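User: I'm new to protein structures and I'd like to learn how to read one. Could you walk me through some features?

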Amino acid sequence: MQEIYFAGGCLWGVQEFFRHLPGVISTQAGRANGTSNTTSSEYDGYAECVKTQFDPNLVSVEVLVGYLFEIIDPYSANQQGEDVGYKYRTGVYSLDEQHLSQATEFIKQYNATGTIAVEVKPLTNYVKSDEEHQDRLTRFPNDYCHIPLDLLHKYRQ
């Protein structure tokens, strides 16, 4: 099992989408690359993200990044849907250099019609989100989500 972290706007939708993907073992809502180790501090530069544990024998990093690109506007900086701000930026984070290389290669090969705003960076800090944010759309399916419902559950079985 391996871990990678995906930021794609509001983490509720990203977690709901990723938890149903083939090869994904578990997901957890959190914050990537902020400076504090708590959710109760002032905003510290984090990106809302989903810690994604996956089986590399069942799904590759490139395929996972491709899934991310299905649910985001990769050209939009710091905004996905109605969620606006630096914490809603898009990104791929990992402690594994190979994951970052694979994500970067996917983006290079992506048929871009503009500048891709998805950052690919080493994970420097991770904080688990509060329980109220974990699996939020599973527990409260009518809450707001920037991902259209048909796309949100495209891979749910």
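Analyst: Let's start with a term: a residue is called buried if its relative accessible area is under 20%. Keep in mind that this is a predicted model. With that cut-off, Leu11, Trp12, Gly13, Val14, Gln15, Glu16, Phe17 and Phe18 in helix 1 are buried.

User: How many residues of helix 1 are buried, then?

Analyst: 8 of its 8 residues, so helix 1 counts as mostly covered, given that buried means under 20%.

User: And which elements do those buried residues pack against?

Analyst: Quite a list: strand 1 (2–8), strand 2 (24–32), strand 3 (47–54), helix 2 (61–71), helix 4 (136–139) and helix 5.

User: How do I read a nonpolar core?

Analyst: Think of buried nonpolar residues joined through their side chains. The largest one here has 34 residues, and Phe18 and Leu64 touch the most other members. Helix 2 gives the largest share of this core, 7 residues.

User: What does Phe18 touch?

Analyst: Leaving out residues up to four places away in sequence, Phe18 touches Phe6, Val24, Thr27, Thr52, Leu64, Tyr67, Leu68 and Ile71.

User: Now the rings. How do I read an aromatic pair?

Analyst: Check how far apart the ring centres are, then the angle between the planes: over 60 degrees is edge-to-face, under 30 is stacked, and the rest is tilted. This structure holds 10 aromatic pairs. Take Phe17 and Tyr155: their ring centres are 5.8 Å apart and their planes are at 75°, so this pair is edge-to-face.

User: Where in the chain do Phe17 and Tyr155 sit?

Analyst: Phe17 is in helix 1 (residues 11–18), while Tyr155 is in the segment after helix 5 (149–152). They are 138 residues apart, so you could say the pair links distant parts of the chain. Phe17 itself is buried, at a relative accessible area of 1%.

User: Why is the pair of Phe106 and Tyr110 tilted?

Analyst: Because the planes are at 35°, with the ring centres 6.1 Å apart.

User: Is Tyr110 buried or partly exposed?

Analyst: Partly exposed, at 28% relative accessibility.

User: Which residues form an aromatic cluster?

Analyst: Phe6, Phe17, Phe18, Tyr67 and Tyr155 form one.

User: What about a charge and a ring?

Analyst: Look for a charged side chain sitting over a ring's face. Here Arg89 lies over the face of Tyr86, 3.8 Å from the ring centre.

How values were computed. Residues are numbered from 1 along each chain as its sequence is written. This is a predicted model: local features need pLDDT of at least 70, side-chain atom pairs count only at pLDDT 80 or more; totals for chains, interfaces and linings use all residues. Side-chain values use heavy atoms; hydrogens and water are left out. Rings of Phe, Tyr and Trp (its six-membered ring) pair if their centres lie within 6.5 Å; planes under 30 degrees apart count as stacked, over 60 as edge-to-face and the rest as tilted. Helices (H or I, at least four residues) and strands (E, at least two) are DSSP runs, numbered from the N terminus. Buried means under 20% relative accessible area, exposed over 50%, partly exposed in between (1.4 Å probe, protein chains only). A charge sits over a ring if NZ of Lys or CZ of Arg is within 6 Å of the ring centre and within 35 degrees of the ring normal. Contact means heavy atoms within 4.5 Å. A nonpolar core is a set of buried Ala, Val, Leu, Ile, Met, Phe, Trp, Tyr and Cys residues joined through side-chain atoms within 4.5 Å.
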